[in-house]
There are 2 protein chains.
Amino acid sequence: MTLDEKFKALQADHAPGQEARQSPGNLNSIMRGERLDGTAVDFSHGDVDAFPPTPGSDLLWKEGFDKGARQAYTEYRGSAEIRNILAGRLGKFTGRPVAADSELIITPGTQGALFLALGVTIGAGMKVAIVEPDYFANRKLVTFFDGEIVSIPLNYLNTLSEHGPDLNRLEKAFKNGTKVFVFSTPNNPTGLVYSKKAITEIAALATKYQVTLIVDQLYSRMLYSGATFTHLCSLDTLPENWITIMGPSKTESLSGFRLGVAFGTPQLIERMERLQAIVSLRAAGYNQAALATWFQEPAGWLEKRIAEHEAIRDELLNIFRAANIQTATPQAGSYLFPKLPALSVDLLTFIQLLRIQANVIVTPGTEFGPSFTDSIRLNFSQNHTAAVAAVKRIVKMVEIYKL
Amino acid sequence: MTLDEKFKALQADHAPGQEARQSPGNLNSIMRGERLDGTAVDFSHGDVDAFPPTPGSDLLWKEGFDKGARQAYTEYRGSAEIRNILAGRLGKFTGRPVAADSELIITPGTQGALFLALGVTIGAGMKVAIVEPDYFANRKLVTFFDGEIVSIPLNYLNTLSEHGPDLNRLEKAFKNGTKVFVFSTPNNPTGLVYSKKAITEIAALATKYQVTLIVDQLYSRMLYSGATFTHLCSLDTLPENWITIMGPSKTESLSGFRLGVAFGTPQLIERMERLQAIVSLRAAGYNQAALATWFQEPAGWLEKRIAEHEAIRDELLNIFRAANIQTATPQAGSYLFPKLPALSVDLLTFIQLLRIQANVIVTPGTEFGPSFTDSIRLNFSQNHTAAVAAVKRIVKMVEIYKL
């Protein structure tokens, strides 16, 4: 693949947050009916005005700034002081102790952690298993590192059989030489939490076939009623090489700080630091100070945040289902991934119409896997009232453009 | 090259700022004479306590934070508002207008810009010309992207012939299929400013042989008495593909914010944004707000900062030269790159001895090119008095360990 072809494949115009760069083109000839008025809602990412950053995060930033040189220039893997604090908390959260010195790296966002993790494990031509649907960058990263994508379907919508990744397909992929498996749980975009049985079997298969596991647990703190979460790293049987990725960008709304962490096999963390040294040196030094708020929020703060999201989730699910739009119930996180009925316009056009005609931004399903031409993703971490009104407009738009 | 070999080649233990991860080993059997007491000086990077960040940068960060969602989630290439401000200032500074929408990207530090620039221009097996000595990450980036390094010597020490890169070697490299040339001016680690003649000829050769030029001008604002700077981008003849990199981490001491910019050929900037989307999404949103201080410092602030650095430079040069340690006069930036006489211990051991016995941290010359086993780099952006005392200790250490 030439560089030109590679970067065509990495196009980001439809990625969340890039909508400002799209030219609306000539939608007038296609548009039917009136414009649907209402408060603009950008479901492409969470609204940190509706759910603001963890209390005190800005004050900690200022304390870091005032500390001066010591905070500005940390080791590439992040401040030893902050790693020490976080290692204890992450160990407690996941049920597996984390060694601050050798098993943990602070990164520029969870995206930064994912980039480093795949950058140190994917060589040219290597087969990498990717779940579909899953976080859109996974596929792009494999392409960038000249790997080969092996698709693993996720059963998330059909309620007749068990939900989760197709483990037969996974074993077949491992048997056929796949060397890395990267996946998110809770899954982005569906909110599916991998069961203990699935996680255990993934770890057993990876151990058997010597596959590196990279698990993105960005949303593992925002669990809804009845959901239980299994941390890969807490299992007794683990493959030699594994990395867990987390960060405070979502539930905690610290995305504007670009902070994340990865923890796992020391050899991989060491490589990740070497890569970080040439990618961006380190997560911004002063910003790292804000990590001291993480897992240390005021009493009741997290519970309240989860309850507020669950209330939004439930109301939006009701609206979609009342309109017969199939939508899985997310067990965690803040994404909905409804499947739309057949429309008279293609998905990208419909999404542009949503933006222009209905003042609503969503992300096309095709960002999460090439086959999801009938799905859209919504991050419902929004003002409750505005989100409800916007989803009603989406339903109206589906009715207008239904085949 | 396997991933294991690649990451061995990317080892960062001797990179600036990583000294805390080195184990001192058994230096006692080697150490001669007494410990040399004095205030610890870390010459591996500038001291932002001695030269603090641009006034108001922390207040602008807070304003950004208070702006909320709009500042937290910018386009991947950075806030349009801030790009608009910067494009005008960069155009004025360089003498070439910069289009905010298509020619400029905000990155996580100048390191981030360099990573993206090389990531979008180097394909596997491609020949890349690298100056020796030059910024240590250049070589590592070529290795990471599976390119092939073609060395171009820099004449910086010998005063008999003209200073600058060996342009005959450069043309030969271009003739032999080199497709990318990356270099820093002012040069890191020597402080050499490429002459107008050299820059013009580099651009002419790159145009003739269709080579992509990537110029790192990180230090181009800190010019000492008598130095004149030529901006590659201001030339009439430019190759089709070029990128200029700058940032406020050094002269302006904003390193703790991780901010940089790249501007150049729109097609390359577009690719860089696509790569940024999977590397770390964007430079931290709130931090971007601090860029409004850049090129807009209080009256006299920059002049004072330069004068203070020039005074340190002159005093350190005098100390080295009085001890017959050959050191080029930097025309810009805050690095000295003295060449040490033959020592009874190897370079890395001497540097460890400097740290343990003399409380001084410097960076080995070998980070800037494999042949510089007799040189050390000092970032003299330090407290003036402490720096002078520390360089006197270095001189004493050279005397102790001289062959």
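**Figure 1. Helices and strands of chain A.** In this predicted model, chain A holds 13 helices and 13 strands. Its radius of gyration is 21 Å, close to the 22 Å that the globule rule gives for 403 residues, so chain A is as compact as a globular protein of that length. Along the principal axes, the C-alpha trace of chain A spans about 60 × 55 × 45 Å.

**Figure 2. Inside and surface of chain A.** Of the 403 residues in chain A, 64% count as buried. Take the contacts in chain A with a separation of 6 or more: 75% of them come from residues 24 or more positions apart. The accessible surface of chain A comes to about 14,100 Å². Carbon and sulfur atoms account for 50% of that surface.

**Figure 3. Charged side chains of chain A.** Chain A carries 40 positive side chains and 40 negative ones. The centres of these two sets lie 2 Å apart.

**Figure 4. The setting of B:T185.** This view moves to chain B. B:T185 sits in a loop of chain B. The loop lies between β6 (180–184) and α8 (196–209). B:T185 has a relative accessible area of 0%; buried means under 20%, so B:T185 is buried.

**Figure 5. Contacts of B:T185.** A polar atom of the B:T185 side chain lies 3.0 Å from the backbone nitrogen of B:Y194.

Definitions and conventions. Residues numbered from 1 in each chain as written. Chains lettered and ligands numbered in written order. Predicted model: local features only at pLDDT ≥ 70, side-chain atom pairs only at ≥ 80, totals over all residues. Heavy atoms only, no water. Helix = DSSP H or I, 4+ residues; strand = E, 2+ residues; numbered from the N terminus. Rg over C-alpha atoms; globule rule 2.2 N^0.38 Å. Buried < 20%, exposed > 50% of the residue type's maximum accessible area, 1.4 Å probe, protein only. Contact = heavy atoms within 4.5 Å. Areas by Shrake-Rupley, 256 points an atom, 1.4 Å probe, with all protein chains shown as cover. Lys, Arg positive; Asp, Glu negative; His and termini not counted. Charge placed at Lys NZ, Arg CZ, Asp CG, Glu CD. Polar contact = N/O pair within 3.5 Å; in protein donor to acceptor, adjacent residues only side chain to side chain.
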